Amino acid sequence: ETCLKGETWTGETVLLSTGGQERPVSVVCVPLKDTDGKVESIAAMMRDISERKQFEIELQEAKEAAETALTEQKRLIAVIEATSDLVAMVDLQGMGIYMNRAGYRLMNMDKDTDIRQINLMAYYPPHALEKMQQEFIPQAMSNGSWKGENAILNSQGIEIPISQVGLVMVDENGVPEFMATIIRDISEQKHFEKELRLAKESAE
């Protein structure tokens with residue numbers, strides 16, 4: 001109808017192939033006029049846009065997948081931030097990448113402290129650092145994870161007994177990229193164990 005009015009039309013439509021399959025095409029219709037300016041015929045150019053349409057579908061799917069992943073990431077971060085355990089990530093040299101709010105509280109650090117400027121390995125007392133270097137980290141590098149009891153120092157140098165789970169995160173080729181850890185303060189548990197032991201000794 002647009003071409004019949006003497007105007008060029010551009011758009012997209014679907015054609016059926018000889019095999020009965022639908023093929024999306026882009027179309028440009030140009031009216032051809034006689035000497036009096038009347039439309040006497042229409043010239044049309046069509047281009048198969050199947051690949052472009054497939055790319056658009058894949059792009060939309062990728063966008064939706066990314067949005068879903070972002071939503072899940074936000075939920076995961078919300079859970080991590082809400083937990084009472086320290087959750088942290090460090091590079092293979094021990095430099096901080098991330099630490100949740102509970103971690104800042106346990107370490108008695110100012111909430112504005114840039115964890116990326118801190119080597120968290122420096123917060124292990126000598127005996128705990130030796131345990132990390134000689135036992136926990138080698139085990140994690142070999143098996144992917146480790147867990148056990150250890151100790152850390154807060155920013156005031158006070159030693160805190162902890163239970164700790166460590167994970168080594170690897171890339172798609174299995175090469176270690178960074179480490180993640182979950183730390184729980186077990187000071188109350190250790191205090192209770194000590195009182196129980198003393199009570200037992202007194203009873204004997």
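## An aromatic pair

One aromatic pair is found in a search of the whole structure; rings of Phe, Tyr and Trp (its six-membered ring) pair if their centres lie within 6.5 Å, and planes under 30 degrees apart count as stacked, over 60 as edge-to-face and the rest as tilted. The ring centres of Phe-136 and Trp-146 are 4.2 Å apart and their planes meet at 10 degrees, so this pair is stacked. Because Phe-136 belongs to helix α3 (residues 126-143) and Trp-146 to strand β6 (residues 145-153), the pair ties together parts that are ten residues apart in sequence. Helices (H or I, at least four residues) and strands (E, at least two) are DSSP runs, numbered from the N terminus. Both Phe-136 and Trp-146 are buried, a word that stands for under 20% relative accessible area, with exposed meaning over 50% and partly exposed in between (1.4 Å probe, protein chains only).

## Basis of the model

This is a predicted model, in which local features need pLDDT of at least 70 and side-chain atom pairs count only at pLDDT 80 or more, while totals for chains, interfaces and linings use all residues. Residues are numbered from 1 along each chain as its sequence is written, and side-chain values use heavy atoms, with hydrogens and water left out.

## Two buried asparagines

Asn-100 is located in the loop between β5 (96-99) and α2 (101-106). With a relative accessible area of 0%, Asn-100 is buried. A polar atom of the Asn-100 side chain lies 2.9 Å from the backbone oxygen of Asp-85. Apart from neighbours within four places in sequence, Asn-100 has contacts (heavy atoms within 4.5 Å) that include Ile-80, Thr-83 and Asp-85.

Asn-154 occupies the loop between β6 and β7. Its relative accessible area is 9%, so Asn-154 counts as buried. The side chain of Asn-154 reaches the backbone nitrogen of Ile-158 at 3.0 Å. When residues up to four places away in sequence are not counted, Asn-154 touches Leu-106, Met-107, Asn-108, Tyr-123 and Ile-160.

## Salt bridges

A salt bridge is a side-chain nitrogen of Lys or Arg within 4 Å of a carboxyl oxygen of Asp or Glu. By this rule there are nine salt bridges. One of them joins the side chains of Asp-112 and Lys-111 (3.7 Å, N to O), and both Asp-112 and Lys-111 are exposed.

Another salt bridge joins the side chains of Lys-190 and Glu-149 (2.8 Å, N to O). Since Lys-190 lies in helix α4 (residues 187-203) and Glu-149 in strand β6, this pair ties together parts that are 41 residues apart in sequence. Lys-190 also forms a salt bridge with Glu-193, where the closest N and O atoms are 3.6 Å apart. Lys-190 and Glu-193 are three residues apart in helix α4, so about one helical turn separates them. Lys-190 is partly exposed at 30% relative accessibility, as are Glu-149 at 37% and Glu-193 at 34%.

## A nonpolar surface patch

Val-165, Leu-167, Met-169 and Ile-182 form a nonpolar patch on the surface, with about 280 Å² of accessible area together. Patches are made of residues with over 30% relative accessible area and no salt bridge; like charges are joined within 9 Å, and nonpolar side chains (Val, Leu, Ile, Met, Phe, Trp, Tyr) within 5 Å. Accessible areas come from the Shrake-Rupley method with a 1.4 Å probe, and for residues only the protein chains shown count as cover. Strand β7 (residues 159-170) supplies the largest share of the patch, three residues. Val-165 is placed in strand β7, and its relative accessible area of 34% makes Val-165 partly exposed.

Definitions and conventions
A polar contact is a pair of N or O atoms within 3.5 Å; within protein, one must be able to donate a hydrogen and the other to accept it, and residues adjacent in sequence count only if both atoms are side-chain atoms.
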